[in-house]
Amino acid sequence: MSTPSLAYVVAGSEATGGAGFQVDLKTFQQLGVYGIGTLSCIVAFDPAHNWGHRFHPVPPTLIDEQMEAALATHPTVRTVKVGMLGTPDTIDTVARGLANHQWDNVVVDPVLICKGQEPGAALDTDNALREKILPLATVVTPNVFESKTLAGMDSIDSVEDLEEAARKIGDLGIKYVLAKGGVELPGDDAVDVLWDGEKITRFATPKVGEQRVSGAGCTLAAAVTAELAKGASIYSAAKTAKDLVYRGIQNRVPADTPFDTVWQGA
């Protein structure tokens, strides 16, 4: 047997299995990549209160210890995905840990808002993410809201607007911007756009309904991470990720929640 490619993830736990760390590792496994990870926070939905978020950060010292152990065990890992971090202290800790290792690919899924936080804390987290994590990124994968926020645009109402946002985010110094349109934009297709500093590439699949499905964004970013870890180009990685998410939404997993979830094994 050949040794599998390695990918590392720093992200939050989401106990229902529909997002976050759980989705990342399932996606890595589905694509034949050995997953290594560090938990940044724990998010537990509250079934008694409209499935709101209960947000619990992991202490920075424990994040340090996880990163130290993971990267000492697998010093050859060169591809990482960064998901939800959640607090400025967490961002400081993760940025420091990432800076102490050599990376070929840093995929940042820029979770700008955690629904369990107060507005002031959320703004502090957003600013820290922009200042300390985005400069490390080689790829960012924002959704429509995140694209609008990072690009400083008033609205994104079309694929053309999403392309403009991707270019503006690229101007921040990020090599590749894979902006996710999903079901948020009008039209029969769910369209994502990739800006590589010179040209836009569109990736489109037919929409499967008009409702958002939990875990789609996490799965897409994790699939890109896994494919990059295997040596794929960003274009091939984005295409594989888009197809995997499309099949996963077609075969979504129902639950006693307001939302279904992507099935990575589809």
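Helix H2 (residues 60-73) and helix H3 (residues 88-99) pack against each other at an angle of about 20°, their axes lying 9 Å apart. An angle under 35 degrees counts as roughly parallel, and H2 is therefore roughly parallel to H3. The model described here is a predicted one.

**Helices H2 and H3**

- The crossing in which H2 passes H3 is right-handed.
- On the H2 side, the contact is made by Pro60, Ile63, Asp64, Met67 and Leu71. These residues meet Asp89, Thr90, Thr93, Val94, Arg96, Gly97 and Leu98 in H3.
- Sorted by class, the contact of H2 with H3 comprises six nonpolar, three polar and three charged residues.

**Helices H5 and H6**

- Helix H5 (residues 144-151) and helix H6 (residues 159-170) have axes that come within 9 Å and cross at roughly 50°.
- This angle makes H5 oblique to H6.
- The crossing of H5 and H6 is left-handed.
- Ser147, Leu150 and Ala151 in H5 meet Leu162, Ala165, Lys168 and Ile169 in H6.
- The classes represented in the contact of H5 with H6 are five nonpolar, one polar and one charged.

**Helices H7 and H8**

- The axes of helix H7 (residues 216-229) and helix H8 (residues 234-250) cross at roughly 140° and come within 8 Å.
- H7 and H8 are therefore oblique to each other, and their crossing is right-handed.
- H7 contributes Ala216, Thr219, Leu220, Ala223, Val224, Glu227 and Leu228 to the contact. From H8 come Ile234, Ala237, Ala238, Thr240, Ala241, Lys242, Leu244, Val245 and Ile249.
- By class, twelve nonpolar, two polar and two charged residues form the contact of H7 with H8.

- Nine strands form an open sheet with mixed pairing, in the order S3-S2-S1-S4-S5-S6-S7-S8-S9.
- The edges are strand S3 (52-57) and strand S9 (200-206), each of which has a single partner strand, so one side of each is left without a neighbour in the sheet.
- The strands of a sheet pair through backbone hydrogen bonds, in either a parallel or an antiparallel manner.

**Strand pairs within the sheet**

- Strand S8 (residues 189-195) and S9 run antiparallel and are joined by seven bridges. Leu194 has Thr201 in S9 as its bridge partner.
- S2 and S3 are also paired in the antiparallel sense, over six bridges. Here Ile42 stands opposite His56 in S3.
- A hairpin is formed by S2 and S3, with five residues between the two strands. Asn50, in the turn of this hairpin, has a positive phi of about 55°.
- S1 and S2, by contrast, run parallel and are joined by nine bridges. The bridge partner of Ala7 in S2 is Gly35.

- A search of the whole structure finds 15 salt bridges.
- One of these is between the side chains of Asp24 and Lys81, at 2.5 Å from N to O.
- Because Asp24 lies in helix H1 and Lys81 in strand S4, this pair ties together parts that are 57 residues apart in sequence.
- Ala229, which lies in helix H7, is 225 residues from Pro4 in sequence, while their C-alpha atoms are 9.7 Å apart in space.
- When neighbours within four places in sequence are left aside, Ala229 is in contact with Ser5, Leu6, Ala7 and Thr79.

Conventions:
Residues numbered from 1 in each chain as written. Predicted model: local features only at pLDDT ≥ 70, side-chain atom pairs only at ≥ 80, totals over all residues. Heavy atoms only, no water. Axes fitted to C-alpha atoms, helices over the stretch in contact; angles between N-to-C directions. Helix = DSSP H or I, 4+ residues; strand = E, 2+ residues; numbered from the N terminus. Parallel < 35°, antiparallel > 145°, perpendicular 65-115°, else oblique. Left-handed = near helix turned anticlockwise from the far one by under 90°. Contact = heavy atoms within 4.5 Å. Nonpolar A, V, L, I, M, F, W, Y, C, P; charged D, E, K, R; others polar. Pairing = 2+ DSSP bridges. Salt bridge = Lys/Arg side-chain N within 4 Å of Asp/Glu carboxyl O.
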